[in-house]
Amino acid sequence: MLLLCLALPAQAAQVDNIRLWAAPDHARLVFDLSADAPANVFTLDNPRRLVIDLEQSRLETDLASLNLEGSAITAVRSGARDGGGLRVVLELSREVEPRHFTLPPNEQYGHRLVVDMEYPGESAVQNPIDPIEAMIREQEIAANRHRSGSSEADAPRIDPEVVAQQPAAPHPRRDIIIAIDPGHGGEDPGAIGPNGTREKDVVMEISRRLQRVVDDTEGFRAVMIRDGDYYIGLRQRTRIAREQKADFFVSIHADAFNSPRPNGSSVYALSQRGATSETAQWLAASENQADLIGGVDGNLSLNDKDEVLRGVLLDLTMTATLNDSLAIGGQVLDQLGRVNRLHKSRVEQAGFMVLKSPDIPSLLIETGFISNPDEERRLRDSGHQQRLAESIFSGIRSHFDINPPPASLLAWQRDNQRTPSGNEYRIQPGDTLSQIAARHGVPVAQLKQANELNGDVIRVGQVLRIPRS
């Protein structure tokens with residue numbers, strides 16, 4: 001008897017669904033698969049296209065239902081390849097830099113192929129900071145580095161005598177920049193309440209209300225870290241805040257616990273030694289794992305290694321920033337306590353990745369526990385959302401009213417709304433440090449030390465304290 005052994009074809013993977021998340025600087029396409037399927041992704045020109053080939057796969061979803069709004073994709077088509085594969089072709093309106101990876105099943109999804117399309121030259125925020133504002137803010141950041149003894153080795157050397165003879169510059173009266181980070185987004189819904197409320201939706205509503213409150217206040221400007229339903233990696237969130245020269249960073253969340261009982265708002269600052277309570281430790285682990293849920297794994301890119309090393313080195317200079325974070329956190333907590341129950345009566349500290357910016361005071365605010373049915377209902381209420389947003393900004397503003405950045409409108413208003421005392425002098429147009437020092441009989445170096453000046457320009461309207469000789 002002759003036996004024939006026939007090789008059976010491998011079971012084809014089904015593409016059950018395709019989801020698209022559009023951001024200002026990138027788009028993410030997620031293929032939901034019934035099984036793992038090797039993929040090849042490449043671009044073609046004339047016209048611009050992105051081709052996605054999946055081996056042993058077939059399409060079981062309607063591409064026409066895919067919402068392409070806000071992305072660089074103008075059309076999608078598919079076809080079968082020889083050998084049982086699937087080809088998906090994306091027609092593009094602009095150049096993209098593709099990257100793809102697979103994700104194993106989790107509690108919410110099965111096998112996934114993630115295709116990221118970065119848009120070269122695009123800003124991650126919709127209204128990036130003005131270049132002149134950025135330059136002014138960069139000067140202040142450099143001054144702070146100098147005062148903390150952490151100025152960079154390659155910083156330009158400026159002759160102190162030359163600086164001391166420069167006339168006072170006009171006061172820029174710049175806005176104080178508040179970076180608002182709605183947690184989670186896109187592929188990562190965050191915590192989900194008993195009635196199906198998604199954290200990413202609630203915190204976006206609160207964040208947009210906070211944005212309006214900030215922008216409606218003279219002397220302040222909001223920058224949204226994400227302004228739509230898409231995911232941004234945790235390191236990228238702090239990077240965006242630093243690129244936008246933020247004075248303060250606030251990450252808005254509405255987390256859950258493994259019990260429906262906990263409720264109330266919490267405020268977190270960074271802890272360099274770890275969490276200060278079991279709850280804080282659990283929440284920090286949960287939030288930091290969001291990169292894996294969202295499909296961004298630090299091990300996927302070797303480019304992260306230098307950045308992580310830089311982050312470790314910069315952590316050494318964070319003491320002053322952390323002190324400011326705790327001070328602002330106390331003000332925010334006090335205001336939140338007027339509109340909601342507090343889960344903890346003090347600022348907690350935990351190792352949240354989004355708080356690890358070396359020179360931007362940062363807070364993570366848990367507006368409430370979405371796992372508590374009553375609090376879930378309140379978090380969905382527009383009036384409660386508005387009160388939360390107003391209380392958060394009230395706490396932030398209280399700090400900057402007392403401690404305005406030197407080049408800000410608030411600093412100019414503070415200096416010009418009071419009469420200088422006997423040992424103070426308001427800088428006039430044409431003044432130089434040398435002239436002011438000579439007029440009051442003090443050395444330039446002593447004048448600079450008394451006012452924590454590091455050689456930067458002085459500004460008209462600025463009030464200097466005159467040390468006693």
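How many bridges pair E12 with strand E15 (residues 362–366), and in which sense, parallel or antiparallel? In this predicted model, the two strands pair in the parallel sense over five bridges.

Strand E12, which spans residues 248–253, has six of its six residues buried, so the strand is largely enclosed by the rest of the structure. The burial concerns both directions in which its side chains point: Phe248, Val250 and Ile252 are turned one way, Phe249, Ser251 and His253 the other way, and all of them are buried.

In the pairing with E15, Val250 has Leu363 as its bridge partner, while Ser251 has Leu364.

A search of the whole structure finds three cavities of 30 Å³ or more. The largest cavity has a volume of about 90 Å³, and it is lined by 16 residues, of which Leu234, His253, Glu287, Val354 and Leu364 are the closest to its centre.

Which secondary-structure elements each supply at least two residues of the lining of the largest cavity? They are helix H4 (234–243), strand E12 and helix H5 (278–288). Sorted by class, the lining of this cavity comprises seven nonpolar, five polar and four charged residues.

## Helix H4

Leu234, which is among the residues closest to the centre of the largest cavity, is also buried in H4, together with Arg237, Thr238, Ile240 and Ala241. These residues cover an arc of only 155 degrees around the axis, which puts them on the same side of H4. Just after the helix, Lys245 takes a positive phi of about 55 degrees.

## The four-stranded open sheet

An open sheet of four strands has the order E3-E4-E7-E6, with antiparallel pairing. Strand E3 (39–44) and strand E6 (73–81) stand at the edges and have a single partner strand each, so one side of each is left without a neighbour in the sheet. Neighbouring strands of this sheet are turned against each other by 15 degrees on average, when direction is ignored.

The pairing of E6 with strand E7 (residues 85–92) runs antiparallel and is made by eight bridges. In this pairing, Ala80 stands opposite Leu86 of E7.

## Backbone features in loops

The peptide bond from Asn46 to Pro47 is cis, with omega near 0 degrees, and Pro47 is found in the loop between E3 and strand E4 (49–54). In the loop between E4 and strand E5 (57–59) lies Gln56, which has a positive phi of about 45 degrees although it is not a glycine. With a relative accessibility of 30%, Gln56 counts as partly exposed.

Arg173, likewise, has a positive phi, of about 50 degrees, although it is not a glycine; its position is in the loop between helix H2 (160–164) and E10. At 41% relative accessibility, Arg173 counts as partly exposed.

Is Arg426 buried or exposed? With a relative accessible area of 18%, Arg426 is buried, since burial is taken as under 20% relative accessible area. The residue has its place in strand E16 (residues 424–426). Arg426 and Val460 are separated by 34 residues in sequence, whereas their C-alpha atoms are 7.7 Å apart in space.

Notes
Residues numbered from 1 in each chain as written. Predicted model: local features only at pLDDT ≥ 70, side-chain atom pairs only at ≥ 80, totals over all residues. Heavy atoms only, no water. Buried < 20%, exposed > 50% of the residue type's maximum accessible area, 1.4 Å probe, protein only. Pairing = 2+ DSSP bridges. 1 Å grid on protein atoms, 1.4 Å probe; cavity = no way out; pocket = protein on both sides within 12 Å on 5 of 7 lines; lining within 4 Å. Points joined across faces, edges and corners; volume = space filled by probe spheres on them. Nonpolar A, V, L, I, M, F, W, Y, C, P; charged D, E, K, R; others polar. Axes fitted to C-alpha atoms, helices over the stretch in contact; angles between N-to-C directions. Arc of directions from axis to C-beta.
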